[in-house]
Amino acid sequence: RSIIFLVTTVLLAMFLPRVSPRLVDGDDGVDRPGGDLAHMPIQLTASSKADVCSVLCDRTAECVCWSYTKANCSTSTSAKLSTVPQCFLKEYIGNQTLDPCKISGV
């Protein structure tokens with residue numbers, strides 16, 4: 001079941017129709033640590049934006065918020081540098097922390 005969830009999530013991220021680049025529910029420079037669903041992060045395509053995380057969260061029953069990590073961005077609060085954007089779907093809303101490499105939404 002968990003492998004099916006992971007494959008489905010990755011395929012959705014790759015083939016979702018592009019949505020408006022305006023982040024209605026995303027806060028730039030904000031992370032919400034903790035609460036990651038299993039098999040996170042989702043590695044996105046290089047051109048993917050935070051709106052993909054928002055849509056994936058909307059389509060995942062267990063997801064209540066998300067965090068998007070910008071590609072090639074690293075700060076003392078970001079765990080490690082990734083060459084592609086990453087999406088973390090979350091099962092609970094963690095406390096906000098400031099991180100210029102992240103965009104998070106509820």
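This is a predicted model: local features need pLDDT of at least 70, side-chain atom pairs count only at pLDDT 80 or more; totals for chains, interfaces and linings use all residues.
Biologist: How many disulfides does a search of the whole structure find?

Modeller: A disulfide here is a pair of cysteine sulfur atoms within 2.5 Å. By that test the whole structure has three disulfides. Take C53 and C87 to begin with: they are joined, S to S 2.3 Å. C53 sits in helix α2 (residues 50-58) and C87 in strand β4, so this pair ties together parts that are 34 residues apart in sequence. As for the terms, helices (H or I, at least four residues) and strands (E, at least two) are DSSP runs, numbered from the N terminus.

Biologist: Are C73 and C101 buried or exposed, and which parts of the chain does the pair link?

Modeller: Buried means under 20% relative accessible area, exposed means over 50%, and partly exposed is in between (1.4 Å probe, protein chains only). Both C73 and C101 are buried. Their sulfur atoms are 2.0 Å apart, and the link is left-handed, with -80 degrees about the S-S bond. The pair links distant parts of the chain, 28 residues apart: C73 is in the loop between β3 and β4, and C101 is in strand β5.

Biologist: What about C57 and C63?

Modeller: A disulfide joins those two as well, S to S 2.0 Å. Their link is left-handed too, at -100 degrees about the S-S bond. C57 counts as buried because its relative accessibility is 7%, and C63 does so at 9%.

Biologist: Which pairing do you get by numbering the bonded cysteines in sequence order?

Modeller: You get 1-5, 2-3, 4-6. C65 is in no disulfide; its nearest cysteine sulfur, that of C63, is 6.4 Å away. C65 is buried, with a relative accessible area of 0%.

Biologist: Now the strands. Which way do the side chains of β4 point?

Modeller: In a regular strand the side chains alternate between the two faces of the sheet. In β4, Q86, F88 and K90 point one way, C87 and L89 the other way, and all are buried.

Biologist: And how do I read which strands pair with β4?

Modeller: Two strands pair if DSSP finds at least two bridges between them. Strand β3 (residues 65-69) runs antiparallel to β4, joined by five bridges. Strand β2 (residues 42-43) also pairs with β4 in the antiparallel sense, over two bridges. Look at Q86: T69 is its bridge partner, and Q43 stands opposite Q86 too.

Biologist: Last one: where is Y92, and is Y92 buried or partly exposed?

Modeller: Y92 is in the loop between β4 (86-90) and β5. With a relative accessible area of 43%, Y92 is partly exposed. For contrast, look at I103 in strand β5 (residues 97-105): I103 counts as buried because its relative accessibility is 8%. I103 and D51 are 52 residues apart in sequence, yet 9.7 Å apart in space, C-alpha to C-alpha.

Notes:
Residues are numbered from 1 along each chain as its sequence is written. Side-chain values use heavy atoms; hydrogens and water are left out.
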